[in-house]
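Let's take a friendly walk through this model, starting with its aromatic rings and moving on to one of its helices. Have the 3D view open as you read.

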Amino acid sequence: MATAAFPPTLSVLDTSPIVQGSTPRQALLNTVDLARLAEDLGYHRYWVPEHHGMRGVASSAPAVLIAHLANATRRLRIGAGGVLLPNHAPLVVAEQFGTLAALHPGRIDLGIGRAPGGSKAASAAMSPQRTKAFSTQLDELRDYLNPREDAEVKAVPVLGGNVPELWLLGRSPESAALAAERGIKYAFAHHLAPDAPLKADLVSVSVIAAEDDERAEWLAGSTRLKVLSRIRGNRIQLPSPEDAAGFPYTADDRVEIAKRSDAVLTGSPDTLKTKLQTILDETDAGEIMVTTPLFHHADRRRSYELLASLAGGLMACTNRSASSRA
């Protein structure tokens, strides 16, 4: 595979973050707003993940949220990044996403993951399928998405070609090998495993863009403090950059933050172009999916605008009006 170069295809991964002092409803409204902006800016896909029991994440029901986002946009591909298959019967997933594909033809993606997506207690409450091997579940799902004529049970909504684009998500050589064996597109979660890049069709990266490097790193203080708090055994919602800047870090705290600094790429557009090109070189991916953990929604919007201007093939539109959607 030839090394990809700028401008790559750009897409969005949005966890619908519930920041300190906010609510799940506001987080979901922000997701709808960001999806519309992403479409206007020319982003290719918009994926939402599945998480359970995490008070800082509002994206728990991807199929429901995808339906709303697809109705709120016109062209953008909308998908799951991903559905955690051990939590679900493959038939149900096939029916849900077949329905979405029938209602929004050519726009629905189905990313599949194997992680639990939450605490042990949350996983236990979601786990009717955990006695089966993940590869077995994946094969069952593929059979439902592409049913044989003599199949005893069929996912009716997929009949007639209403099939989502199937992806396998992962961060390990085992996941990459499974995707290759099954002939499924592979999305590598660089934002979860920045030190072990794998060859992939798509790579998801945590990115914070600002007008200059200093401001981008200041904005990243929010997620740096959240990660540090989790390491210290205190799970918090995303704090403001102001609170993060005023936190009394110890020398050990700063060492822990530095160890994990590569997990979030920060900088001006020019700085990020160099950093993202390195990831493209390592993974051979032709598409970068960006997740941006920022406290202020306006800063998150601005980060995606700056990235869109960096990839010159994207539209320069930044102001959406209601009349443009009539």
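**Aromatic pairs and a helix**

There are 3 aromatic pairs in the structure; rings of Phe, Tyr and Trp (its six-membered ring) pair if their centres lie within 6.5 Å, and planes under 30 degrees apart count as stacked, over 60 as edge-to-face and the rest as tilted. This is a predicted model, where local features need pLDDT of at least 70, side-chain atom pairs count only at pLDDT 80 or more, and totals for chains, interfaces and linings use all residues. Residues are numbered from 1 along each chain as its sequence is written, and side-chain values use heavy atoms, leaving out hydrogens and water.

One of the pairs is Tyr 43 with Tyr 304, edge-to-face at 5.7 Å centre to centre and 80° between the planes. Tyr 43 sits in the loop between helix H1 (24-41) and strand S2 (45-48), while Tyr 304 belongs to helix H12, 261 residues apart; helices (H or I, at least four residues) and strands (E, at least two) are DSSP runs, numbered from the N terminus.

Another pair joins Trp 47 in strand S2 to Trp 167 in strand S5, 120 residues apart. Their ring centres are 5.5 Å apart and their planes at 75°, so this pair is edge-to-face. Trp 167 is buried at 2% relative accessible area (buried means under 20%, exposed over 50%, partly exposed in between; 1.4 Å probe, protein chains only).

Now turn to helix H6 (residues 173-182), where Ser 175, Ala 176, Leu 178 and Ala 179 are buried. Seen down the axis of H6, these buried residues fall within an arc of 160° (taken from the directions from the helix axis to the C-beta atoms), so they line one face of the helix. The face turned away carries the exposed Pro 173, Glu 174, Ala 180 and Glu 181.
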